[in-house]
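User: Please take a close look at the ligand site in this structure. What surrounds the ligand, and where does it lie?

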Amino acid sequence: MRIGVLTGGGDAPGLNAVIRAVVKRAEEYGFEVVGIKRGWAGLLEKVEIVPLKYSEVENIIKDAGTIILTSRTNPLKDPEGIKKVRENIKKLKLDALIAIGGDDTLSVAKKLAEEGEKVIGVPKTIDNDVPGTDFTFGFLTAVEAAMDALDNLKVTGASHERIMVAEVMGRHAGWIAAYSGVASGADLILLPERPFKISDVVEFVKKKKAEGKNSLLIVVAEGALIADYSGPITKDVKKDQFGHVLLGGIGDFLAKEIEKTTGLETRSVILGHVIRGKSPIAFDRVLSTRFGIKAVDLVKEGKFGRMVSLSGTKIIDIDLIEGMKGTRLVDEELLKVIDAFCS
Ligand code: F6P
């Protein structure tokens, strides 16, 4: 049995831990593992593979990033893309493919599974917005990194009596903003789930100032929507192969508006990619390891077209197609927690 493994989309702390666990379990079963470099690009454009041995990957559990590289290449953009990928799977003599990625990467895995390829999906994204799992690995590590930065921003904001606006990643769902904001005691948390008006933010700042608060921390997700402004604020009009614009800038935009309308000194910071490169925290190392082991067990059992998932405290497998339907948004209960502290 020869298994191919690839990582696609934005990197997430824990990818290497999944690869390590896949290799470990595969060797136990006497399977061979090859890493396909640069996500789907490695099965579509320039095929480059690397044999993976446990003795070589044993110590990568603590490393963020991905040793087999990643890309945002989308074979579905090319009318012949899926055909080419299938041909390469055949040429490489792969008996199974483990695709580790977020909704974009797994949408390609889903298509391949529908066409009969032997594919297993492993959900990943720091955004935590994959619907079929309670948590994606990398998310809590990114939250930890964001929380550390927010704690620091609070200190300097307090010394200077400033309004600090921090922008964090979160395209469709505001999980990182919600968790890091609650964890750092932010005064206001703005999410894609709840479009907001600039005038409401300004009123909030004025109210807090009137109550005697001279410094505030505002956390905003990059994909948060301004109700009286059309569309998300973007850095660039260019789109990636999955049709996503490059987000970024909502924090700066908001900070300027706040300073202009309230006269209060305001600073903004984009935490952006910085929070994606942290060494995975223990939870993510363990979750990634459990996902990797389960993925190979599914290969051994011949249960293809499945996705590994965390359900409560258990690792289960679900239908890859069902598991990718929709987006997992911040839930009502967490929104109420936010409201308890941010009003
Ligand atoms: O992987 C998801 C994500 O972290 C989004 O939150 C963010 O918009 C995007 O990646 C940034 O991607 P890139 O690394 O391609 O700039």
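Analyst: Domain bounds here come from an automatic or database domain assignment. The model itself is predicted. Now to the position of the ligand. Domain 1 covers 2-138 + 280-323, and domain 2 covers 140-276. Both domains give residues to the shell around the ligand, so the ligand lies between them.

Next, the shell. Eleven residues surround the ligand. The closest are Arg72, Asp127, Glu222, His273 and Arg276. Sorted by class, the shell has five charged residues, three polar ones and three nonpolar ones.

For Glu222, the distance is 2.6 Å. For His273, it is 2.9 Å. For Arg171, it is 3.3 Å. Glu222 and His273 are also among the closest residues of the shell.

How much of the ligand does the protein bury? Taken alone, the ligand exposes 400 Å². The protein buries 82% of that area.

For contrast, turn to the second largest pocket. About 210 Å³ of space lies in this pocket. It is lined by 13 residues. Closest to the pocket centre are Leu188, Ile189, Leu190, Arg194 and Asp339. By class, the pocket lining has nine nonpolar residues, three charged and one polar. The ligand shell, again, has three nonpolar, three polar and five charged residues.

Note on methods
Residues are numbered from 1 along each chain as its sequence is written. This is a predicted model: local features need pLDDT of at least 70, side-chain atom pairs count only at pLDDT 80 or more; totals for chains, interfaces and linings use all residues. Side-chain values use heavy atoms; hydrogens and water are left out. On a 1 Å grid over the protein atoms alone, a cavity is a set of points where a 1.4 Å probe fits but cannot get out, and a pocket is an open set with protein on both sides within 12 Å along at least five of seven lines; lining residues have an atom within 4 Å of a point. Grid points are joined across faces, edges and corners, and a volume is the space filled by probe spheres set on the points. Ala, Val, Leu, Ile, Met, Phe, Trp, Tyr, Cys and Pro count as nonpolar, Asp, Glu, Lys and Arg as charged, and the others, Gly among them, as polar. A residue is near a molecule or strand if one of its heavy atoms lies within 4 Å of it. A polar contact is a pair of N or O atoms within 3.5 Å; within protein, one must be able to donate a hydrogen and the other to accept it, and residues adjacent in sequence count only if both atoms are side-chain atoms. Accessible areas come from the Shrake-Rupley method with a 1.4 Å probe; for residues, only the protein chains shown count as cover.
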